[in-house]
Amino acid sequence: MMNFHFNTPIAISLPDFFPNSPQAVRAMIEAGAEIIHVRKIYASEEELFTWLDQIDPEFYPHLTLHHHPKVVRRYKIGGIHFRFHEFDKNFDKTGRFYRRSASCHNWAEAKSLTGYADYVFLSPVFDSISKTDHPSRFAEEQLKILLADPDRPKVVALGGVTVENIGKVREMGFEGAAAIGSVWAMKTTDRWISTVP
C-alpha cells in the first residue's frame with residue numbers, strides 16, 4: 001500500500017480524454033504523485049484499453065481506476081474505486097493485488113467501510129473547484145472530532161483542496177488529500193509540489 005503525502009495529493013483525472021493525457025499522467029508520477037485516480041466515467045472498456053496501452057506498465061501500480069474491475073485485473077492496475085452505494089464489501093476480499101477505495105459524502109458512509117476500504121474520499125471538505133454547485137458540507141471543528149476516532153478507515157479530503165488550504169487538511173487529521181480542479185488548473189503536480197509548505 002502506497003503512503004499518502006500532503007505535498008503530493010492524489011490527483012483525479014478529468015472525465016474526458018484529451019490529447020497527451022497519458023504523457024500528463026507519466027509527468028505527474030515522475031514529479032512525485034503516488035496515486036492518480038483515473039475517472040473516465042463515459043469511457044468504454046475498449047477506450048480504456050487504448051488509453052492504458054499508451055502508458056508504460058511500470059506506472060500501473062500508481063493508478064486507481066474508477067469502476068471497470070475487468071480492466072483492473074487485465075492490466076494489474078494498482079487500485080479500484082467505487083461510489084459508496086456501489087461498493088461491494090465482499091468483492092475480491094482475498095488474494096487481491098490492488099487497493100480498494102470509495103467516495104463518501106457523509107461520515108456514516110465513511111465509518112461503515114472500516115475494515116473494507118483501504119481508504120475513502122470524504123467530500124466536499126471545502127467548496128468544490130471542479131463542481132461549482134458543490135459547497136462544503138462540513139465544519140472544520142466537526143471534522144477534527146470525527147477524524148480523532150481511531151476506529152475508522154483512512155480518510156482522504158476531497159473537494160476544494162488547494163495549496164492554500166492543504167495545511168488545514170493536515171491539521172484536521174486527514175490521512176491525505178485529493179484534488180481535481182486545482183491540480184489540472186496547474187497542468188502538473190510540479191507546481192503543487194513546489195508550493196506546498
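Guide: A nonpolar core is a set of buried Ala, Val, Leu, Ile, Met, Phe, Trp, Tyr and Cys residues joined through side-chain atoms within 4.5 Å. Buried means under 20% relative accessible area, exposed means over 50%, and partly exposed lies in between (1.4 Å probe, protein chains only). The model is predicted: local features need pLDDT of at least 70, side-chain atom pairs count only at pLDDT 80 or more, and totals for chains, interfaces and linings use all residues. Residues are numbered from 1 along each chain as its sequence is written, and side-chain values use heavy atoms, with hydrogens and water left out.

Visitor: Which residues have the most contacts inside the largest nonpolar core?
Guide: A contact means heavy atoms within 4.5 Å. The largest nonpolar core has 46 residues. Those with the most contacts inside this core are Leu63 and Phe174.

Visitor: Which residues does leucine 63 touch?
Guide: Residues up to four places away in sequence are not counted here. Among the residues that leucine 63 touches are Val25, Ile29, Ile36, Val38 and Leu52. Others on the list include Ile55, Ile77, Gly78, Gly79 and Arg99.

Visitor: How many salt bridges are there?
Guide: A salt bridge is a side-chain nitrogen of Lys or Arg within 4 Å of a carboxyl oxygen of Asp or Glu. By this rule the count is eight.

Visitor: How many residues apart in sequence are the parts tied together by aspartate 149 and lysine 111?
Guide: The side chains of these two residues, aspartate 149 and lysine 111, form a salt bridge at 2.5 Å, N to O. Aspartate 149 sits in the loop between helix H5 (140-147) and strand S7 (154-157), and lysine 111 in helix H4 (residues 107-112), so the parts they tie together are separated in sequence by 38 residues.

Visitor: Is arginine 152 buried or exposed?
Guide: Arginine 152 forms a salt bridge with glutamate 175, with the closest N and O atoms 2.9 Å apart. Glutamate 175 is partly exposed at 26% relative accessibility. Arginine 152 has a relative accessible area of 14%, so arginine 152 is buried.

Visitor: How far apart in space are proline 61 and glutamate 34?
Guide: Proline 61 is in the loop between H2 and strand S3 (63-66), and is partly exposed at 37% relative accessibility. Proline 61 and glutamate 34 are 27 residues apart in sequence. From C-alpha to C-alpha, the distance is 9.1 Å.

Visitor: What share of the residues in the chain is buried?
Guide: The chain has 197 residues. The buried residues make up 50%.

Key: Helices (H or I, at least four residues) and strands (E, at least two) are DSSP runs, numbered from the N terminus.
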